[in-house]
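Q: Can you walk me through this one? I'd like to start with the overall layout and then go to the ligand.

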Amino acid sequence: MGALTGKKIVLGVTGGIAAYKAVEIASRLRKAGAEVHVIMTREATEFVTELTFREITGQPVSVDMWAKVTNFNVEHIALATLADLVLIAPATANIIAKIAAGIADDMLTTTVLATKAPVMLAPAMNTNMYENPVTQGNMAELRRRGMQLIEPASGHLACGIEGKGRLPEPVQIVQEVMDFMTREQPLQGRRIIVTAGGTIEPLDPVRYLGNRSTGKMGYAIAAEAARQGAEVLLVSGPSNLPNPAGVRTVRIQTAREMQAAVEAEYGEADAVIMSAAVADYRPKNVAADKIKKSDDELVLHLERNPDILFGLGQQKQQQVLVGFAAETCNVEEYAKKKLTKKNLDFIVANDVSSKDAGFAVDNNRVQLYFRDGRAEKYPLMAKAELAKVILEKVAGILS
Ligand code: PMT
């Protein structure tokens, strides 16, 4: 039995000189046990023939959306549905741009748009095209949507120049596919609620009280939890970030809306990670019309918002509860108080006293305090890395 036995892989081949290497990729995938269905772009057929792939894979090859259908079950949208993985190798700058833009004008792009399977691309092109900010931006967009990009190799390119853009050797690409398909998903089947961003509390129809949270931390956790197999609900305050791939995202504005969204699914949740910066107070009266300038001073009366996490701690059953505490001083003391008061499994104490960590930047500097008294201190780290650390702890408690 090969590492890919039972897996169905749709191999997209696009029109670059490296298309000939896709023949060996198809062959190796098949030897590893996969059922391989090839979709070629029209341009790819200028470099390699359909017949070659048909012989190598033992399956019909798709090119034309409008070709006579021989076996409906492996045509059109059916390929998108049957795929366990869509691998595009080589992926030209053109196909990358089309996928980034959501274009579906041939069999391959239609399949990519229609599939729910993971998509992996192996970009291969001229170095200047690869380095062009448009291509780099398109690749970033694909990564953001959860697609996997295989790093191109450097070396002598067919166009005569040296640089980055070569398709890696087929053996490496197939290894990446095997690593991906057999990766561990420690949160498979777990339901995780993540909150992110800051809540905003209206003062009048045009103004609100808010804070500087951007959602970066919570979105990183939600995206990573989905990658690790969890079914994720992200409850987010206003944020400019796009919804993370594979994550059910609910956008709210106020603390009370966040509370309602979280509590609606709390009973079924395995874990709740509250990274949101929730407003503790809201204006007592929300003016129906825009507040006008009058005196030199404006006095606002605020009232307490519910403490969402405290409430969850009170009702806690099977759920692992994780809180955050952004502090500028006495970090340990304040965080530990919140850990106990809110009945948490652990708290992420976030030292936001320096500008390089905390709100609106890509890094956090944290210490974790656990209910059994353990403490772990971490150096400045990317929020994406911290997300992995937090989820590893959650998975450990759940197992
Ligand atoms: O979004 P970014 O720009 O990436 O910034 C991320 C962050 C700095 C906001 C985040 O990493 C963080 O530290 N969040 C916690 C913010 C905070 O100070 O929380 P707190 O100390 O007010 O609350 C403690 C815990 O109780 C938090 O988990 C909070 O979500 C929760 N809480 C607080 C108040 C409230 N009314 N209800 C709550 O549930």
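The chat below covers the domains and then the ligand site.

Q: What kind of model is this?
A: It is a predicted model.

Q: How is the protein divided?
A: Into two parts: domain 1 covers 8-182, and domain 2 covers 191-398.

Q: What distance separates the centres of domain 1 and domain 2?
A: Taken over C-alpha atoms, the centres are 39 Å apart.

Q: On to the ligand. Which residues come nearest?
A: S213, T214, G215, K338 and K383, out of 28 residues around the ligand.

Q: How do those 28 residues around the ligand divide by type?
A: The shell has 14 nonpolar residues, eight polar ones and six charged ones.

Q: Where does the ligand sit?
A: In the second largest pocket.

Q: What about backbone atoms and the ligand's oxygen atoms? How far is M274, for instance?
A: A backbone N or O atom of M274 is 2.7 Å from a ligand oxygen. For L309 the corresponding distance is 2.8 Å. A326, also through a backbone N or O atom, lies 3.3 Å from an oxygen atom of the ligand.

Q: How much of the ligand does the protein bury?
A: The protein buries 95% of the 790 Å² that the ligand exposes when taken alone.

Definitions and conventions
Residues numbered from 1 in each chain as written. Predicted model: local features only at pLDDT ≥ 70, side-chain atom pairs only at ≥ 80, totals over all residues. Heavy atoms only, no water. Domains from an automatic or database assignment. Near = heavy atom within 4 Å. Polar contact = N/O pair within 3.5 Å; in protein donor to acceptor, adjacent residues only side chain to side chain. Areas by Shrake-Rupley, 256 points an atom, 1.4 Å probe, with all protein chains shown as cover. 1 Å grid on protein atoms, 1.4 Å probe; cavity = no way out; pocket = protein on both sides within 12 Å on 5 of 7 lines; lining within 4 Å. Sits in = over half its atoms within 2 Å of the grid points. Nonpolar A, V, L, I, M, F, W, Y, C, P; charged D, E, K, R; others polar.
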